Amino acid sequence: MNDIRFRTVTGVCLSFTAFFSLTGALFIIVWWLIFTRRFADVPKRSFIIGSLSLIAVVSLILELLQGTGISYGIRMIAVMLIAAWLWSEYKPGEILELAVWAFGNRYGFELGLVAELSLQAFSSLLADLGRMQTAWAIKGTGLTFSRLPAAGTFLTRSALDRARDTGELLAVRGYRRGGSLCPHFHPSHNDVISCIAAVAVCIFSLTRW
């Protein structure tokens, strides 16, 4: 989807449906197969696939112990697919544009800026983790339980250092509150069709629930 407004409505509808309707979760998986490019543009596909594998294991355990694993697994897989799709479609700056469009140049700018900085910090965290994995591979070792405290400490300190540097940069540039931005959106026919299909899935599933 090119237009984040349609993408946001679609993501909210599908996420809400996945939590409240098993039938809806199944329809969400079908929607994902039809209207997305699967995992083609998803960064860190190994992370997504690993998460789906973990969901499958937990679902199997719940099914054996309580008989609720299938329902849990389908719902969580649907939510994970939605998250992967939203992640793959994200473009830097568009959340700021959405927030300004929705809430104005003062409060919307601040909310959007916080969201953009948070996503930037998350991307940097993943990049740091990737470099750590590369270093371990060069040394011929991997992540072990004994290395977890050091790895966690490094990632936390790196995130705090970047947050401090970002705050100092904003202060030097004189940022206090709000800002000026003129959002531009470029919706396509596919955006409208995909969004309508998602809303239809939500309405149909919740009426049956």
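This is a predicted model: local features need pLDDT of at least 70, side-chain atom pairs count only at pLDDT 80 or more; totals for chains, interfaces and linings use all residues.

**Exercise 1.** Describe how helix 2 and helix 4 pack against each other.

*Solution.* Start with what you need: two packed helices are described by the angle between their axes and the distance between the axes.
- Step one: find the helices, residues 22-35 for helix 2 and residues 69-89 for helix 4.
- Step two: take the two values. The axes come within 9 Å and cross at roughly 40°.
- Step four: look at who touches whom. Helix 2 brings residues including Leu22, Ile28 and Trp31, and these face a set from helix 4 with Ser71, Arg75 and Trp85 among them.
- Step five: sort the contact by class, and you get 13 nonpolar residues, one polar and one charged.

**Exercise 2.** Work out what kind of aromatic pair tryptophan 31 and phenylalanine 35 form.

*Solution.* A search of the whole structure turns up six aromatic pairs.
- Step one: for tryptophan 31 and phenylalanine 35, the ring centres are 5.6 Å apart and the planes make an angle of 35°.
- Step two: planes under 30 degrees apart would be stacked and over 60 edge-to-face, so this pair is tilted.
- Step three: check the spacing. Both residues sit in helix 2, and because they are four residues apart, about one helical turn separates them.
- Step four: compare with the burial cut-off. Tryptophan 31 has a relative accessible area of 4%, so it is buried, while phenylalanine 35, at 24%, is partly exposed.
- Step five: widen the view. Ring pairs link Trp31 and Phe35 with Trp85 into a cluster.

**Exercise 3.** Find out which parts of the chain are linked by the pair of tryptophan 101 and phenylalanine 185.

*Solution.* 
- Step one: get the geometry. The pair is edge-to-face, with 6.1 Å centre to centre and 80° between the planes.
- Tryptophan 101 belongs to helix 5 (residues 94-139), and phenylalanine 185 to the loop between helix 6 and helix 7; they are 84 residues apart, so the pair links distant parts of the chain.
- With a relative accessible area of 18%, phenylalanine 185 is buried.
- Step four: look over the face of tryptophan 101, where arginine 5 lies at 5.2 Å from the ring centre.

**Exercise 4.** Decide whether histidine 189 is buried or exposed.

*Solution.* 
- Step one: locate histidine 189, which is in helix 7.
- Step two: read its relative accessibility, 71%; exposed means over 50%, so histidine 189 counts as exposed.

Definitions and conventions. Residues are numbered from 1 along each chain as its sequence is written. Side-chain values use heavy atoms; hydrogens and water are left out. Axes are lines fitted to C-alpha atoms, for helices over the stretch in contact, and angles run from 0 to 180 degrees between N-to-C directions. Helices (H or I, at least four residues) and strands (E, at least two) are DSSP runs, numbered from the N terminus. Contact means heavy atoms within 4.5 Å. Ala, Val, Leu, Ile, Met, Phe, Trp, Tyr, Cys and Pro count as nonpolar, Asp, Glu, Lys and Arg as charged, and the others, Gly among them, as polar. Rings of Phe, Tyr and Trp (its six-membered ring) pair if their centres lie within 6.5 Å; planes under 30 degrees apart count as stacked, over 60 as edge-to-face and the rest as tilted. Buried means under 20% relative accessible area, exposed over 50%, partly exposed in between (1.4 Å probe, protein chains only). A charge sits over a ring if NZ of Lys or CZ of Arg is within 6 Å of the ring centre and within 35 degrees of the ring normal.
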